[in-house]
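The structure comes first, and the notes follow.

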Amino acid sequence: MGRVRARSHEVDEMARMMRAEAEGEGKQGMLYVGNVIINRVVAQCLDFKSVVNIHDVIFQVQGGNFSFEAVQKGNVFYQRSRTSERRLAQQNINGWRDHPAKFALWYFNPHAPCPPTWYGQPHTGAFKEHCFYEPKPGTCDSVYRG
């Protein structure tokens, strides 16, 4: 069994999100986005207490906007997923994780060097254009399980 349970439509939504957010960063970049999605499902803390599945994560609203820019703007997210992205999403669901997104709950592209913190959370590293951030120690132990 994987880190989370996922229905077919959630694998599709996750694949579309990974493509929309990181297609330009290749397979590795898309896998890192997938890490963050799965980590948010697993993390029952901070902003993610009420999300219990992949669909909830992708369509979560924070501060009056969708959490992911790709859902806000619609761009590639609303295109069909491809088999290759579905395979990547399934890898994340099955437990694939790697640094710098291994325990990350947030990422963004600052179009500049990565700041050392983002909303008070520590920077764990970068991959191409994206900076990754995991929760401060002691604030979200659930993200480190599984």
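The disulfide of C114 and C131 is left-handed, because the torsion about its S-S bond is about -90°. This is a predicted model. The sulfur atoms of C114 and C131 sit 1.9 Å apart. C114 lies in the loop between β3 (106-108) and β4 (117-118), and C131 lies in strand β6, so the bond ties together parts that are 17 residues apart in sequence.

The two ends of this bond can be read by their accessibility. C114 is partly exposed, at 27% relative accessible area. C131 is buried, at 1%.

How many disulfides does a search of the whole structure find? The search finds two. The other pair is C45 and C140, with sulfur atoms 1.7 Å apart. The link of C45 and C140 is left-handed too, with -60° about the S-S bond. This pair joins distant parts of the chain. C45 is in the loop between α2 and α3 (54-58), while C140 is in the segment after β6 (130-133), 95 residues away. C45 has 6% relative accessibility and therefore counts as buried, the cut-off being under 20%. C140 is buried as well, at 2%.

Counting bonded cysteines along the chain, the pattern is 1-4, 2-3.

| Disulfide | Sulfur atoms apart | Torsion about S-S |
|---|---|---|
| C45 and C140 | 1.7 Å | -60° |
| C114 and C131 | 1.9 Å | about -90° |

Now the helices. Helix α2 covers residues 26-42, which makes 17 residues. From first C-alpha to last, α2 reaches 25 Å. That is close to the 24 Å expected at 1.5 Å a residue. Is α2 mostly covered or mostly uncovered? Helix α2 is mostly covered, with 14 of its 17 residues buried.

Next comes a helix pair. Two packed helices are described by the angle between their axes and the distance between the axes. Helix α1 (residues 8-22) packs on helix α5 (residues 83-93) at an angle of about 110°. Their axes are 8 Å apart. Angles of 65 to 115 degrees count as roughly perpendicular, so α1 and α5 are roughly perpendicular to each other.

Which residues meet where these helices touch? From α1 come S8, V11, D12, M14, A15, M18 and R19. From α5 come E85, R86, L88, A89, Q90, N92 and I93. By class, this contact has seven nonpolar, three polar and four charged residues.

Technical notes: Residues are numbered from 1 along each chain as its sequence is written. This is a predicted model: local features need pLDDT of at least 70, side-chain atom pairs count only at pLDDT 80 or more; totals for chains, interfaces and linings use all residues. Side-chain values use heavy atoms; hydrogens and water are left out. Axes are lines fitted to C-alpha atoms, for helices over the stretch in contact, and angles run from 0 to 180 degrees between N-to-C directions. Helices (H or I, at least four residues) and strands (E, at least two) are DSSP runs, numbered from the N terminus. Angles under 35 degrees count as roughly parallel, over 145 as roughly antiparallel, 65 to 115 as roughly perpendicular and the rest as oblique. Contact means heavy atoms within 4.5 Å. Ala, Val, Leu, Ile, Met, Phe, Trp, Tyr, Cys and Pro count as nonpolar, Asp, Glu, Lys and Arg as charged, and the others, Gly among them, as polar. The expected span of a helix is 1.5 Å times one less than its number of residues. Buried means under 20% relative accessible area, exposed over 50%, partly exposed in between (1.4 Å probe, protein chains only). A disulfide is a pair of cysteine sulfur atoms within 2.5 Å.
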